[in-house]
Amino acid sequence: LLNDAIRFLRGEAKELIDILRRKMYEAADAMDYERAALYRDQILSLEKTIEKQSVVYTKFINTDVIGIYRLMDKVSIQVLQIRDGRMVGGGHWIINANREIFDEEIVSSFISQYYATELFIPEEIVIPVEIGEKEMIEKWLSERKGTSVVIMRPKSGEKLKLLRMAEENACAYLRGRETDTERALMDLVKM
């Protein structure tokens, strides 16, 4: 999985899709249809991501877009990294979070933990919810970067479209990791 992520970030997505497609066919030949479906979903998600990489952010600044998706006690977090107006990569994380923990707390905590170890800090961080310690975190990030860092929640425009994309990717990633049993249980809960 780590090698696959590295391959994707290096721009070798087509090679990764070929590998996943081969694994999908092997799983189907072995009648492991659940695994084959998982590979199919990963391929579709990658193809969708590649297609959307052509999205160009007209502001030529470095931006990270953080999207989240919550399903029961799991939260999927997607970071889209935009450098000089081009989407260059990102990452996915899944965390366990009690339903009593608000999205604001999750996003705030994630930002603090992620950028504590991240070597590159962008000028702008787009988030899906307002966070309570925004000014304090901006100050901390600005001190680490040496220039101003702005955290913002978009209401419209390009930034909102990028945020929606990050949220869709977070959803697809979490949904792709569910088993058929979990999907069936979720369908029952929704009834």
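**Helix α5**

I started with which residues of α5 are buried, and found Ile137, Glu138, Leu141 and Ser142; buried here is under 20% relative accessible area, exposed is over 50%, and partly exposed lies in between, with a 1.4 Å probe and protein chains only. Looking down the axis of α5, I see these buried residues within an arc of 135°, so they line one face of the helix; the arc is that of the directions from the helix axis to the C-beta atoms. A reminder to myself: an α-helix has 3.6 residues a turn, so residues three or four places apart point the same way. On the other side of α5 I noted Glu135, Met136, Lys139 and Glu143 as exposed.

The model is predicted: local features need pLDDT of at least 70, side-chain atom pairs count only at pLDDT 80 or more, and totals for chains, interfaces and linings use all residues. Residues are numbered from 1 along each chain as its sequence is written, and side-chain values use heavy atoms, with hydrogens and water left out.

I then checked the length of α5, residues 134–145: at 1.5 Å a residue its 12 residues should span 16 Å, and the end C-alpha atoms are 16 Å apart, which agrees. The expected span is 1.5 Å times one less than the number of residues. Helices (H or I, at least four residues) and strands (E, at least two) are DSSP runs, numbered from the N terminus. After α5 comes Gly146, with a positive phi near 95°.

**Packing and cores**

What do the buried residues of α5 pack against? I found α4 (103–117), β4 (124–126) and β5 (150–152), with contact meaning heavy atoms within 4.5 Å.

Next I looked up the largest nonpolar core, which has 21 residues; Ile66, Ile111, Ile125, Ile127 and Leu141 have the most contacts inside it. Such a core is a set of buried Ala, Val, Leu, Ile, Met, Phe, Trp, Tyr and Cys residues joined through side-chain atoms within 4.5 Å. β1 (63–71), β2 (74–83), α4 and α5 each give two or more residues to this core, and α4 gives the most, with six.

**Strands**

β1 and β2 pair in the antiparallel sense over nine bridges; two strands pair if DSSP finds at least two bridges between them. Tyr69 stands opposite Ser76 in β2. Two residues separate β1 and β2 in their hairpin, and Met72 in the turn has a positive phi of about 55°.

β2 and β3 (residues 86–96) are also antiparallel, over 10 bridges, and I noted Met87 in β3 as the bridge partner of Ile82.
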